[in-house]
Amino acid sequence: MATLLFMLLMSIFSTFIHAIPTSTGQKVTKRSVTVDLPRNPGYAPNGRLQYSRALKKWGVPMDDELDDATNSFRGGETGDVNAESIMGDREYLSRVGFGTPFQYLNVDLDTGSADVWVYSSETKTKTRREDIFELEKSSTAELLNGSEWRITYGDSSYAWGHVYHDSIDIGGIPLHNAVVQSAVDVSQSLSSDKDIDGIFGLAYDLHSQVRPKQPTVLSTLKSHLDKPVFTADLRYQSDEGAYTFGYIDHHRHIGEINYTPLLPNSTFWEFNFTGLHVVGHNYWYISQWRVIADTGTTLMLLSPDIVNMYYDAVPNATSDRSFGGLWHYPCNTTLPDFEIGFANGWVARVPGRYMNYTTYDDLPGRCMGGLQPFMSEEFGILGDIFLKAVYAVFDIGGGKVGFADKDLGL
């Protein structure tokens, strides 16, 4: 089964440790670690489900035709033994340990959320996942009486549960008395994603949904790092991707890291970019657009005028209501590269083959693009389609993001 393929996803290949005395004489261990990030070898992209999932996450209204098409497509695969890798609907997962002794689960490291929640022995929703957090087997799980958490998405899907203090192991860094959110009830639309055992939120300064308020796991993790920074090196169709925590692996990027400050009062990894260019055309679009870097969203979601501009350069590309307004084109099309410019002068280049997301089973010969419209006037999302093309640095202490070129093997 596809879940079993994840059992060896995480291996730690470097750990550097030193202790720093505090004012009380106690020593706080500071660490730098690397977490390997192989692809799920059984992953098969499901474009409409991935797009609808992103809209739900960010509370953007969904087109009725897309909702109907998504439900129809999901229903057509229910009970199909080959649907497991498709319904997983995630390309990258990481192994993170919970409890004492550590129980390792496949979680989505998500810079677009702040909650760390997992399926557990308390979860009432019926699921077919093999790994859950068995609370009764953890000697350090401590229920926080009077605390709970609840997440409700734009389509009214939800998850809620109890709150515990317990230990977490991320890449060899042990966090004790961290806040762990145990799911009691999860809507079916969320629990159908059975390859994922939980979400590990890494948003910049966003409060979690725990009430009463508790420290986020990222704020706890920050104090254990050599430097208050983590990086994401996602890779296109490769097993060489990795996250690093506490340091920057300069062997993973080419040239300088180009930093952009987060917007004032940002709670997400939110910043501006200032230029757009479809390679092969002579003109740049110059303006200022707000975006969020989100490892938990696969697609790149930008305003309709930007998306229209890109697909105007793609022969026979079309967007029709019967497919929820999603852009698609003949699969034998060579897509143009897409460039995004920043005020610091650096330009990110997303190769055209990265822009090609998936095929349609019910639309033979047509493919769905990785850039799709986002009906928000406030911001866009730079998801994995973009992040696979860059080396990304998330500087917690400096309140900024950094991007650099890397070897894409082109």
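**Close-up 1. Lining of the second largest cavity.** In this predicted model, the second largest cavity is lined by A114, D115, V116, V179, Q181, S208, P215, T216 and V217. A cavity is a set of points, on a 1 Å grid over the protein atoms alone, where a 1.4 Å probe fits but cannot get out; lining residues have an atom within 4 Å of a point. The volume is about 30 Å³, taken as the space filled by probe spheres set on the points, with grid points joined across faces, edges and corners. Two cavities of 30 Å³ or more are present in the structure.

**Close-up 2. Residue classes around the second largest cavity.** Five lining residues are nonpolar, three polar and one charged. Ala, Val, Leu, Ile, Met, Phe, Trp, Tyr, Cys and Pro count as nonpolar; Asp, Glu, Lys and Arg as charged; the others, Gly among them, as polar.

**Close-up 3. The disulfide of C331 and C367.** The sulfur atoms lie 2.2 Å apart, and a disulfide requires a pair of cysteine sulfur atoms within 2.5 Å. The count is one disulfide. The link is right-handed, with 105° about the S-S bond. C331 sits in the loop between β18 (327-330) and β19 (338-341), and C367 in strand β22 (residues 366-369), so the bond ties together parts 36 residues apart in sequence. Strands are DSSP runs (E, at least two residues), numbered from the N terminus.

**Close-up 4. Accessibility of the two cysteines.** C331 is partly exposed at 31% relative accessibility. C367 is buried at 4%. Buried means under 20% relative accessible area, exposed over 50%, and partly exposed in between (1.4 Å probe, protein chains only).

**Notes.** Residues are numbered from 1 along each chain as its sequence is written. Local features need pLDDT of at least 70, side-chain atom pairs count only at pLDDT 80 or more, and totals for chains, interfaces and linings use all residues, while side-chain values use heavy atoms, without hydrogens and water.

Notes. Helix = DSSP H or I, 4+ residues; strand = E, 2+ residues; numbered from the N terminus. 1 Å grid on protein atoms, 1.4 Å probe; cavity = no way out; pocket = protein on both sides within 12 Å on 5 of 7 lines; lining within 4 Å.
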